[in-house]
Protein chains: 2
Amino acid sequence: MRNIADNTVRRLSLYLRFLEEFQHQGATTVSSEALAGRGGTTSAQVRKDLSFFGSFGKRGLGYPVPQLIKRLREILGLGRRYKVVVVGAGKIGSALVQYRGFHERGFDIVAIYDEDPAKVGKPWNGLVVQDAALFEKEAAELAPDIAVIVTPGEAAQGIADRVVRCGVQAILNFAPVQLQVPEHVTVKAVNLVLELEALSFALASR
Amino acid sequence: MRNIADNTVRRLSLYLRFLEEFQHQGATTVSSEALAGRGGTTSAQVRKDLSFFGSFGKRGLGYPVPQLIKRLREILGLGRRYKVVVVGAGKIGSALVQYRGFHERGFDIVAIYDEDPAKVGKPWNGLVVQDAALFEKEAAELAPDIAVIVTPGEAAQGIADRVVRCGVQAILNFAPVQLQVPEHVTVKAVNLVLELEALSFALASR
């Protein structure tokens with residue numbers, strides 16, 4: 001399954017969200033057209049995406065909502081909970097922790113680290129900020145699945161190297177650098193300034 | 001310039017950031033190798049990206065840092081300031097406002113709107129939350145360049161339709177839906193749950 005394109009995975013996540021909405025509204029089946037309309041894609045794309053993962057739905061009857069939800073959750077690895085550590089006790093991490101859907105989806109923030117002595121020991125959304133120097137020691141016990149890196153750019157690669165050495169195989173990076181990691185590690189990056197600059201580029205190119 | 005790929009624009013943003021760091025360290029020229037090494041790409045890619053926009057740098061001498069910064073800022077549309085309105089007075093919008101680099105890069109949040117009467121009138125990072133019903137009236141005066149949509153998913157398309165009708169041509173969308181907009185409008189989306197699910201997918205696919 002590792003060769004499924006990123007964009008396909010994103011659409012699967014969106015389908016799951018829409019299916020949950022349909023279920024909430026009492027629907028038991030849904031057509032590929034309805035899913036496509038909700039998500040800004042085409043029904044042919046929906047059928048193609050879902051056909052990757054076996055045969056659901058019958059022509060003319062639509063997809064059975066609960067079964068498709070269950071299957072998508074399995075595919076997306078949402079049948080379990082994930083332990084998430086945050087490195088960098090700033091505003092973005094705080095927003096993340098309170099982001100509706102983070103906990104709902106099975107992502108539990110179990111520890112938060114910072115290098116700044118002024119922040120270490122402070123309460124932080126139900127946790128206490130730990131000294132980043134303790135990361136390796138604690139990681140051996142916590143065995144985190146995912147690290148969220150919210151440090152300044154210049155610190156991010158060093159932190160990434162450390163979390164990878166501790167066995168973390170998935171990183172969500174908010175620092176404005178492209179991290180270098182071994183092939184078995186997956187990095188997803190969110191860089192708000194890059195998104196804004198893509199918009200200013202688009203506006204300037206008109 | 002409208003056909004420059006999104007990924008190229010992202011790399012240009014990163015090059016700009018790295019060049020500013022090199023300048024800060026006193027460098028007056030930089031090689032494509034140094035830029036590539038800083039950004040996790042190859043020197044051939046750097047040369048290809050920059051060659052799109054005319055000839056900088058001489059073989060063996062590297063790129064002149066101040067000129068390249070100036071040119072990249074022009075290309076990325078950063079020679080002016082942008083008026084940004086935020087719709088949805090939640091945590092993410094708050095984190096954005098305080099995000100280092102947002103203001104530095106020329107993005108000024110000039111207004112914040114919400115539909116919730118409990119939020120309207122409240123102070124919000126130096127602004128006061130306005131009633132979303134007033135958006136059209138105020139937009140006529142403010143002429144915002146960019147709208148940041150941070151509403152729940154079910155409200156986002158309606159808000160997008162309204163900001164587009166007011167002449168906004170660039171949207172940064174945090175709501176978990178794919179917005180439908182006319183072709184002259186550019187949308188960039190940030191969906192943290194999708195990023196996390198891409199990571200759980202990767203972990204589950206091992």
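This is a predicted model: local features need pLDDT of at least 70, side-chain atom pairs count only at pLDDT 80 or more; totals for chains, interfaces and linings use all residues.
Is A:Thr29 buried, exposed or in between? With 16 other C-beta atoms within 10 Å, A:Thr29 is partly exposed, because 20 or more would be needed to call a residue buried and 12 or fewer to call it exposed.

Now colour the strands. A:Thr29 belongs to β1 of chain A, which covers residues 29–30. Next, show the contacts of A:Thr29 beyond its neighbours within four places in sequence: A:Leu61, A:Gly62, A:Tyr63, A:Pro64 and A:Val65.

Zoom out until both chains are in view. Turning by 180°, with 0.0 Å of shift along the axis, superposes chain A on chain B with an RMSD of 0.0 Å. The two copies are therefore related as by a two-fold rotation axis. To find that axis, select A:Ala95, whose C-alpha is the nearest to it in chain A, at 3.3 Å. The same surface serves both copies, as 100% of the contact residues of chain A recur in chain B.

Finally, select the contact itself, with 49 residues from chain A and 49 residues from chain B. On the chain A side, at least two residues each come from α1 (6–24), α5 (91–97), β9 (170–173), β10 (186–189) and α8 (192–204). Which element gives the most to this side? Highlight α8(A), which gives 13 residues. Colour the chain A side by class and you will find 27 nonpolar, twelve polar and ten charged residues.

How values were computed:
Residues are numbered from 1 along each chain as its sequence is written. Chains are lettered from A and ligands numbered from 1 in the order in which they are written. Copies are superposed by least squares on the C-alpha atoms of residues with pLDDT of at least 70 in both. Two residues are in contact if their C-beta atoms, placed from the backbone, lie within 7 Å. Helices (H or I, at least four residues) and strands (E, at least two) are DSSP runs, numbered from the N terminus. Ala, Val, Leu, Ile, Met, Phe, Trp, Tyr, Cys and Pro count as nonpolar, Asp, Glu, Lys and Arg as charged, and the others, Gly among them, as polar.
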